[in-house]
Amino acid sequence: MTDYFYPSIYFGYFFFFLMFCGAVFFFLRSFRDGYWGASGEDVKYHMLDDDEKPDSSQYHLR
Amino acid sequence: MSAISAAQPEQMSVAAKSAAADSIHQDTTAKLFLLSSITYFFIVGVIALMIAAKFVWPGLMGNSPFLTYGRLRPLHVNGMLFGWLLAADMGLTYYLVPRLCGVKLWSEKLGIATAVLWNGIILGAVVTLLAGMNQGFEYGELILPLDVAVVVAWVMFGTNIFMTIATRKYEQMYVSLWYTMGCILWTAFVYLTGNFAVLFTSGVNQANLNWMYVHNAVGLIFTPIGLSLAYYFIPKSANAPLHSHKLSMVGFWSLAFVYVWTGAHHMIHGPISQWLQTIAIVFSVMLIIPVWAVVYNFFATMKGQWHQMRDNIPLKFLMSGVVFYLLTCFQGPMHSLRSVNAIVSKTDWIPGHAHMAVLGAFSFFAIAGAYYILPRLYRTKLYSDALANWSYWLFMIGGLGFFVTLWLGGLWQGWQWNNPAIPFIDTVVALTPVWIVRFFSGILMFGGIAAFLYNVMATVIGAKDNPQAAA
């Protein structure tokens with residue numbers, strides 16, 4: 001019988017490690033993308049706009 | 001029935017048709033998920049009442065194997081978690097993500113296929129769990145083929161949401177989108193570990209992995225998707241901007257870095273390493289940071305808006321849910337302390353705590369979302385504001401009766417268990433009055449579910465007769 005005991009635990013920790021690396025990466029990137037800067041609060045006003053119609057807002061278009 | 005606009009029916013019909021034609025959103029997926037999940041809420045509510053009745057009258061349903069506690073309980077848990085709450089959250093996510101991105105859902109067909117598959121999974125769960133097919137893990141009871149189907153459905157859901165966000169019109173993403181993306185990624189990690197990796201372990205390690213899954217199912221699945229809804233619907237319902245988007249980012253990232261380590265607090269005083277128990281305790285207490293960041297933000301958003309609580313039904317559910325969220329997230333870290341854990345662990349306190357999280361906080365957010373969007377989806381008015389208010393008070397009074405009774409009963413039970421002079425069976429008999437109150441509290445909560453379902457269905461069915469472009 002093959003023992004999967006440790007491989008399964010390593011799998012769990014490896015998956016957690018991947019998620020942790022992703023979290024660190026995107027956390028650092030959020031600084032570059034301006035979420036912590038002067039315009040970081042704009043998005044909370046924009047979400048109140050009604051987006052039911054196309055081109056209803058010109059807010060920070062990509 | 002709520003007041004219909006004084007405008008002529010013909011004018012309303014024209015306005016509704018015009019609004020429908022102008023909208024870029026189809027919303028078929030959101031409708032399918034919401035209507036099916038609310039129906040499951042009602043059906044599984046019946047199962048919940050049957051279980052509560054069996055606590056008081058154990059011989060009530062005879063000897064039928066289909067009605068034993070061992071089969072009904074996993075059906076109740078899985079039905080409420082995946083049939084009602086997660087499905088409702090997914091439906092609401094299909095609504096809010098395209099709107100926050102300013103684009104259509106990436107693929108409505110993929111969304112409809114996801115809804116069909118999800119309903120197939122829930123029906124499969126009902127059949128297999130009632131037939132006694134159960135893997136024996138808490139929250140991981142579904143058989144392997146259904147687990148695989150859940151993974152497929154989640155990949156379909158995640159692909160649709162991520163592609164919608166990738167094609168978004170606006171550069172910066174509102175915090176609800178962050179939580180939604182976090183939920184999708186974390187669920188992959190949590191679900192695969194709890195339903196597949198756990199199969200290849202045994203003994204204490206298996207229990208540890210299982211409890212990591214159980215706690216992160218709440219903390220990394222239902223919490224982020226629930227908070228995503230709250231962050232969207234509280235400002236929308238109150239028509240007031242969020243207090244601080246930066247603070248919401250603090251809450252998101254602290255949740256991301258803290259939550260995953262807390263699962264082992266379910267095994268305090270158990271046969272796991274002391275260092276692992278201590279890590280779980282430390283990270284559990286650190287949860288106060290994201291919780292306070294979230295709750296303060298919501299309360300500060302409501303500054304000057306509290307008067308709306310009088311007649312704004314979605315806001316009533318939302319802010320009550322925030323209070324329950326605060327309470328349940330204060331209880332959680334306290335349970336993890338060794339001294340408190342020695343009393344409350346494994347007692348009726350824990351279902352009281354768990355129900356406050358899943359029903360009091362996250363289901364309240366989902367119900368609020370449903371009340372908010374259904375009239376908009378069907379371009380009509382809610383069938384009855386009064387009935388919605390009744391559903392709120394039935395949920396609130398029934399829920400409080402349920403939570404508080406189980407906390408008190410759990411404390412009592414824990415003190416008895418810590419006294420070796422008391423025979424175990426005496427501690428069971430002593431709790432009968434607690435379970436009677438729980439049963440009648442359950443009836444009140446079920447009344448809330450029934451009122452909610454009736455209101456939703458009457459709104460949907462009556463939409464053609466009362467068309468109106470929702471405000």
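Predicted model: local features only at pLDDT ≥ 70, side-chain atom pairs only at ≥ 80, totals over all residues.
A residue counts as buried if 20 or more other C-beta atoms lie within 10 Å of its own, and as exposed if 12 or fewer do.

B:D27 is one of them. With 22 other C-beta atoms within 10 Å, B:D27 is buried, because the cut-off for that class is 20 or more. B:D27 sits in the loop that links α1 and α2 of chain B. Its backbone has a phi near 70 degrees, which is positive although the residue is not glycine. Most residues other than glycine have a negative phi.

B:H269 also has a positive phi without being glycine, here near 65 degrees. This residue belongs to the loop between α8 and α9 (274-286) of chain B. Is B:H269 buried or exposed? B:H269 is exposed, because 11 other C-beta atoms lie within 10 Å and the limit for that class is 12 or fewer.

The domain assignment divides chain B into domain 1 (15-171) and domain 2 (339-471). Between the C-alpha centres of domain 1 and domain 2 of chain B the distance is 18 Å. Across this boundary, 26 residues of domain 1 of chain B contact 27 residues of domain 2 of chain B. On the domain 1 side, α1 (9-22), α2 (28-56) and α3 of chain B each give two or more residues. The largest contribution to that side is from α2(B), with 15 residues. By residue class, the domain 1 side of this contact has 21 nonpolar, two polar and three charged residues.

The interior of the model can be followed next. In soluble globular proteins, nonpolar side chains tend to be buried together. The largest nonpolar core in this model has 148 residues, and B:A88, B:A230, B:L318 and B:A370 have the most contacts inside it. α7(B) is the greatest contributor to this core, with 19 residues. Both domain 1 (15-171) and domain 2 (339-471) of chain B supply at least three residues to this core. Leaving aside residues up to four places away in sequence, B:L318 touches B:A230, B:F233, B:I234, B:S237, B:F364, B:F365 and B:A368.

B:W178 is buried because 23 other C-beta atoms lie within 10 Å, against a cut-off of 20 or more. When residues up to four places away in sequence are not counted, B:W178 touches B:M173 and B:F252. B:W178 and B:S248 are 70 residues apart along the chain, yet their C-alpha atoms are separated by 9.9 Å.

Chain A remains. Chain A has two helices and zero strands. Of the 62 residues in chain A, 11% are buried. How many residues of chain B are in contact with chain A? There are 34, and they meet 34 residues of chain A. On the chain B side, at least two residues come from each of α3 (69-101), α6 (175-195), α7 (203-238) and α8 (245-258). α8(B) provides the largest share of that side, six residues. The chain B side that touches chain A is made up of 19 nonpolar, nine polar and six charged residues.

Technical notes: Residues numbered from 1 in each chain as written. Chains lettered and ligands numbered in written order. Contact = placed C-beta atoms within 7 Å. Helix = DSSP H or I, 4+ residues; strand = E, 2+ residues; numbered from the N terminus. Nonpolar A, V, L, I, M, F, W, Y, C, P; charged D, E, K, R; others polar. Domains from an automatic or database assignment. Core = buried A, V, L, I, M, F, W, Y, C linked by C-beta atoms within 7 Å.
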